[in-house]
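My entries follow the order in which I looked.

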Amino acid sequence: MPGDEALAPAAASATTPPSPLARAERFIWLTARVLEQRRYAFHFLGGEADPVDAALGAYLGGDGGYGHALDPDLRGPLSHPLHTAHALRVLDGLGRCSGQRIERLCAHLTRLSTPDGALPVTAPQPGGYPAAPYHPLHDDPPGDLLTTGPVVGLLHRNRIWHAWLFRATDFCWDRVEHLRRSHPYEIQSAVAFLDGVPDRARAAAAADRLGRLVREQRLVVLDPADRDAYPPVPGYAPGEHLHPYDFARRPDSLARGWFTDAELRRSLRFLAGSQQPDGGWPVHRRAWAPGSSLERRPIATLEALLTLRAYGVLPQGISLPGPADPR
């Protein structure tokens, strides 16, 4: 009967403990926004890209940018560069970072750019919509590598050429090559830039210097069993540490060379072991609003699953049936 296949996973779970992947999948269906549900179906259930694209389109504004809390830390309808970085990661995962939509997006980024060609983390926000305290709002926000690096890196990775990219790329090179003191999220953004920029020799040299800086300034937890030995970063929440897998999300990242095989294996075991009893992964940022905290956990869960799969250590398990295609 047609319903028998749909009942098979439940029947198996009655006799066999659910695998980590099956538990994560249940967590996604129970808690995630439509966008994360569709992304999960695309990446892990053989789903189509169109439903993900449609879900992402709900966050697109008339100005060509993205808003409506696409990044859960910025609430309200306004388009912010931080939302753009999030949208580009989604589109890159679909293989759809191209076309007229990206042309409009680049025109939007041109309007938002600071005089040095960079992107601020947040756009000027006259509406007074809520935002996380670690993303302060400004009437005249400065350019920041935190947002510019990932956006520029992903556009280069997808061979996008637009006049805005020239000055934004120069800004990123200047910031990356002159970093002396930094914090983990800024280093993440620098890696996102270096992993996509066309000049691979220059990127490799810059990444090598950053890797030494990260280790010297103890910005990465190399031994998860001894996390207390790593000083907290000012402004970060207690326990908000980054690990090797946070910098080298995929084996082909330039940041992979920063860590020994043993260090990376330890961090991946720690990541796999961080799955919570409800099947999701935790978020270690400071909780500031219930909606933001709830929406961020499925995103963190997807990122954990994608990273574990990229390194070939994602546990196999039964996949629950996803939603049926509309008729």
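The entries below go from the ground rules to the rings and then to one leucine.

I note that this is a predicted model, in which local features need pLDDT of at least 70 and side-chain atom pairs count only at pLDDT 80 or more, while totals for chains, interfaces and linings use all residues. Residues are numbered from 1 along each chain as its sequence is written, and side-chain values use heavy atoms, with hydrogens and water left out.

**Rings.** I looked for pairs of Phe, Tyr and Trp rings (six-membered ring for Trp) with centres within 6.5 Å, calling planes under 30 degrees apart stacked, over 60 edge-to-face and the rest tilted. By this rule I count six aromatic pairs. W258 and F259 make an edge-to-face pair, 6.1 Å centre to centre with 65 degrees between the planes. W258 is buried, at 9% relative accessible area, and F259 is buried too, at 5%; buried means under 20%, exposed over 50% and partly exposed in between, with a 1.4 Å probe and protein chains only. I also found one aromatic cluster made of W29, Y40 and F44.

**Charges over rings.** I required NZ of Lys or CZ of Arg within 6 Å of the ring centre and within 35 degrees of the ring normal. The charged end of R309 sits over the ring of F44, 4.4 Å from its centre, and R285 lies over the face of Y185, 5.0 Å from the ring centre.

**L154.** I found L154 buried, with a relative accessible area of 13%, and in contact (heavy atoms within 4.5 Å) with A85, L88, R89 and D92, leaving out residues up to four places away in sequence.
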